[in-house]
Amino acid sequence: MAAVHSSGFRLTKEHFLVAVPVAVISAAAGFLVSRYLSSRSCKKHSVNAYFNKDSPKVVHSFDMEDIGTKAVYCRCWRSKKFPYCDGAHTKHNEETGDNVGPLIIKRKDA
């Protein structure tokens with residue numbers, strides 16, 4: 001039994017049996033292609049986008065005596081003054097839904 005629509009198009013059981021597997025295969029192929037493309041672009045998800053990329057590990061060390069009364073360090077890797085914070089985490093948090101903030105080191109009041 002076939003359903004007849006007002007446009008005159010007839011959808012038979014045979015058409016339905018062909019359309020469903022084609023739709024499922026197309027959806028699966030689209031999903032696999034999107035997974036493949038997203039896995040190839042994993043570099044854009046790295047935290048450190050451009051600082052000391054030739055180094056196997058970025059490490060900074062500071063002497064407490066050299067800090068003064070307060071120092072504010074970046075933890076989002078987006079600061080143009082890295083390793084110091086310039087507030088870039090605000091934009092990063094808005095774009096990604098993250099909640100990262102700076103590391104603040106200060107001396108206790110004497």
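**Close-up views of a predicted model**

**View 1. F62, Y73 and Y84 make up one aromatic cluster.** This is a predicted model, in which local features need pLDDT of at least 70 and side-chain atom pairs count only at pLDDT 80 or more, while totals for chains, interfaces and linings use all residues. Residues are numbered from 1 along each chain as its sequence is written, and side-chain values use heavy atoms, with hydrogens and water left out.

**View 2. F62 and Y84 form a tilted aromatic pair.** A pair of aromatic rings is described by the distance of the centres and the angle of the planes. Rings of Phe, Tyr and Trp (its six-membered ring) pair if their centres lie within 6.5 Å; planes under 30 degrees apart count as stacked, over 60 as edge-to-face and the rest as tilted. The structure holds four aromatic pairs. In the pair of F62 and Y84, the centres are 6.1 Å apart and the planes are at 50 degrees. F62 sits in the loop between α1 (13-40) and α2 (64-67) and Y84 in the loop between β3 (70-73) and α3 (89-96), so the pair ties together parts that are 22 residues apart in sequence. Helices (H or I, at least four residues) and strands (E, at least two) are DSSP runs, numbered from the N terminus. F62 is partly exposed at 33% relative accessibility, and Y84 is partly exposed at 39%. Buried means under 20% relative accessible area, exposed over 50%, and partly exposed in between (1.4 Å probe, protein chains only).

**View 3. W77 and F82 form a stacked aromatic pair.** Their ring centres are 4.6 Å apart, with 20 degrees between the planes. F82 counts as buried, at 16% relative accessibility.

**View 4. F9, L11, F16, L17, V20 and V24 make a nonpolar surface patch of about 570 Å².** Patches are made of residues with over 30% relative accessible area and no salt bridge; nonpolar side chains (Val, Leu, Ile, Met, Phe, Trp, Tyr) are joined within 5 Å, and like charges within 9 Å. Accessible areas come from the Shrake-Rupley method with a 1.4 Å probe. Helix α1 gives the most to the patch, with four residues. F9 lies in the loop between β1 (3-4) and β2 (10-11) and is partly exposed at 48% relative accessibility.

**View 5. E95 forms a salt bridge with K91.** A salt bridge is a side-chain nitrogen of Lys or Arg within 4 Å of a carboxyl oxygen of Asp or Glu. One salt bridge is found in the whole structure. The closest N and O atoms of E95 and K91 are 3.9 Å apart. Both residues lie in helix α3, four residues apart, about one turn of the helix. E95 is exposed at 58% relative accessible area, and K91 is exposed at 54%.
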